[in-house]
Amino acid sequence: MKNSNLLSRREFVATTSGLLAAGALEPVGSQAAETDITEAKPASKSPLAIHGGQKTVSKGVPGLGRRWGDPERQQLEEMLQQTTLFYWDGRRTQLVKERFREVCPLKYVHTCSSGTAALHIAVAAAGIGPGDEVITSPVTDPGTVIGILYQQAVPVFADLGRSTYNLDPEDVKRRITAKTKAIIAVHLAGNPCDMDALKKIADEHNLVLIEDCAQAWGAKYRGRPIGTIGHIACFSLQNSKHITCGDGGIVASNDERFGPDLQRFGDKGYDRSRGLGLNVFATNYRMSEPQAAVVAAQLPRLEKIAARRAELGNLLTEKISHIPGILPHQVHPEDRCVYWFYMFRIEPKAFRCSRGEFFKALAAEGVSCASGYIGKPLYGEPVFQNHAFFAGRWPIKEFGLTSMDYTKHRNPEAEAILATSIRVTIHEGMTEEYILDVAKAIEKVARYYAV
């Protein structure tokens, strides 16, 4: 299937959004037109379903189905035969590490309680401290920056690529100061960042490059597994991710400077392998053996899940890339995006409607979708605008260790992305027929509202 390079952190299934669910659960309408989208008459403007016309997605949104079963049950039963459920030298934890290395070959692997925990462990192991700056994306889950702030460091938000939704390397370079110590590259929606460019920047400025792979299980950058290019990789096993144990995470590294410290920064500072004593202060981010049992059963499914999502997302790009005013999700042709969600943008001047109206019309056609991703860039949230991270205060600002003022911070492209994007649900349980209908629905709405 063709992967397009045209311009264009959670799988938002129908139950996570009221509006999304409404689009997914509407009564089945009449059959969609059998003509392929590429054969549709350009001049036609079919009545929209929101105005009483026929729904394009007439068979409803395919469900994801059960995501666990006998393999998980077997691992849990074997785990119950153990004399301990503690992670250290636990057999399920060891199996997780072995199976993780099969998909992401990294020497040092540590299981933990969440993707947020994985990122905090990475930042701590990288030696990030009070007043240090870490450059990252403004369009991401708060978990990306929680560890930075808890290390009393400063998140610095760089702008994003127009339709990749990932860090713009040129803006990253502009944000570097004498206080910059690290970059956290967020592979949003499972789309690999420009890792060669970011690694070059990190090497030139002696920065630690951390990969936030929470939404990117199974993604590949130029054929290499995501997580293997930077210095430290962080994965989430939260319930909505490609594979899961409800909540959990993995942090891993090949770098001898950081890898040996991952375990102790997730285990209250205890170094259980080297017996160094309590030389660092850290919190408890341990994963238990029951969680590891589920992860161990999930990992063998990953390749099939990732490959299927990549096929479906690339198919959608192929079928909507010709539509005027629509900017598809931009993926490099040599990369594999695993589409935790698919997001396209509309060009406001190309349509006689707002983004909200476009979304509502698309949902009425039976497409599982949502308006945008997050409501605003992280720096626009009240806790950032008020610098109110710790009991309403930000000690390092009060102590003069940073001059950051988030009330004055701007990332124009990121703000435009959030104002003009529509998020479409993609998962491995969907069919090509459904994706083709989604593409037809997008074209139908776009042609109706075209200027």
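Let's start with a term: a residue is buried when its relative accessible area is under 20%, exposed when that is over 50%, and partly exposed in between, using a 1.4 Å probe and protein chains only. This is a predicted model, where local features need pLDDT of at least 70 and side-chain atom pairs count only at pLDDT 80 or more, while totals for chains, interfaces and linings use all residues. Residues are numbered from 1 along each chain as its sequence is written, and side-chain values use heavy atoms, with hydrogens and water left out.

Q: Is Tyr 339 buried or exposed?
A: Find Tyr 339 in the loop between S10 and S11. Its phi is near 40 degrees, a positive value in a residue other than glycine. Its relative accessible area is 0%, so Tyr 339 counts as buried.

Q: What is the relative accessible area of Lys 268?
A: Lys 268 sits in the loop between helix H8 (262-265) and helix H9 (289-298). Here too phi is positive in a residue other than glycine, near 60 degrees. Lys 268 is partly exposed, and its relative accessible area is 36%.

Q: Which residue in S13 stands opposite Ser 371?
A: S12 and S13 (residues 421-424) pair in the antiparallel sense over 3 bridges. Opposite Ser 371, S13 has Ile 422.

Q: How many helices and strands does the protein have, and what is its radius of gyration?
A: There are 15 helices and 13 strands. The radius of gyration is taken over C-alpha atoms, and the globule rule is 2.2 Å times the number of residues to the power 0.38. For 451 residues the rule gives 22 Å, and the protein is close to that, so it is as compact as a globular protein of that length, with a radius of gyration of 23 Å.

Q: What percentage of the 451 residues is buried?
A: The C-alpha atoms fill a box of roughly 70 × 55 × 40 Å along the principal axes. Of the 451 residues in the protein, the buried ones make up 57%.

Notes
Pairing = 2+ DSSP bridges. Helix = DSSP H or I, 4+ residues; strand = E, 2+ residues; numbered from the N terminus.
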